[in-house]
Amino acid sequence: EGAAAQLRAVPGVDGGGLALDFDLSRAYGHAIARRVLSLDLPDNYEFTFDLKADSGVNNFEVKLIDEEENVWWNKRLSVTFPTEWTPQY
């Protein structure tokens with residue numbers, strides 16, 4: 001409660017990107033962006049993306065949840081975000 005967040009399209013490294021604008025100044029909380037995708041993935045897959053931010057040090061998490069509620073969670077604590085597009089592996 002007290003957190004505000006909004007998604008918007010932005011130019012990315014190679015095509016379109018997605019920006020998550022957030023304000024946590026009136027809250028101790030988090031901002032979430034969700035998207036439902038239907039993907040057939042091989043047994044051995046890898047997600048990569050480019051990241052840049054205008055943000056102070058904060059945590060950064062990515063969660064992928066399948067139709068059986070299995071969760072893959074990558075959690076990075078106290079991240080100093082890059083100010084230029086930087087590949088994330």
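Strands S4 (residues 58-65) and S5 (residues 71-79) pair in the antiparallel sense over seven bridges. Strands here are DSSP runs of E of at least two residues, numbered from the N terminus. Two strands pair if DSSP finds at least two bridges between them. Valine 62 has asparagine 74 in S5 as its bridge partner. S4 and S5 form a hairpin, with five residues between them. In the turn, glutamate 69 has a positive phi of about 70°.

The model is predicted: local features need pLDDT of at least 70, side-chain atom pairs count only at pLDDT 80 or more, and totals for chains, interfaces and linings use all residues. Residues are numbered from 1 along each chain as its sequence is written, and side-chain values use heavy atoms, with hydrogens and water left out.

A search of the whole structure finds three aromatic pairs. Rings of Phe, Tyr and Trp (its six-membered ring) pair if their centres lie within 6.5 Å; planes under 30 degrees apart count as stacked, over 60 as edge-to-face and the rest as tilted. Tyrosine 45 and phenylalanine 47 have ring centres 5.5 Å apart and planes at 80°, so this pair is edge-to-face. Tyrosine 45 is partly exposed, at 41% relative accessibility. Phenylalanine 47 is also partly exposed, at 38%. Buried means under 20% relative accessible area, exposed over 50%, and partly exposed in between (1.4 Å probe, protein chains only).

Phenylalanine 60 and phenylalanine 81 form an edge-to-face pair, 6.0 Å centre to centre with 80° between the planes. This pair links distant parts of the chain, 21 residues apart. Phenylalanine 60 lies in strand S4, and phenylalanine 81 in the loop between S5 and strand S6 (86-88). Phenylalanine 81 is buried, with a relative accessible area of 12%. Ring pairs link Phe49, Phe60 and Phe81 into a cluster.

Lysine 63 lies over the face of tryptophan 73, at 4.2 Å from the ring centre. The rule requires NZ of Lys or CZ of Arg within 6 Å of the ring centre and within 35 degrees of the ring normal.

The count of salt bridges (a side-chain nitrogen of Lys or Arg within 4 Å of a carboxyl oxygen of Asp or Glu) comes to one. Aspartate 21 and arginine 8 meet in a salt bridge at 2.5 Å, N to O. The two residues are 13 apart: aspartate 21 is in strand S2, arginine 8 in strand S1 (residues 4-12). Aspartate 21 is partly exposed, with a relative accessible area of 32%. Arginine 8 is partly exposed at 42%.

Notes
Helices (H or I, at least four residues) and strands (E, at least two) are DSSP runs, numbered from the N terminus.
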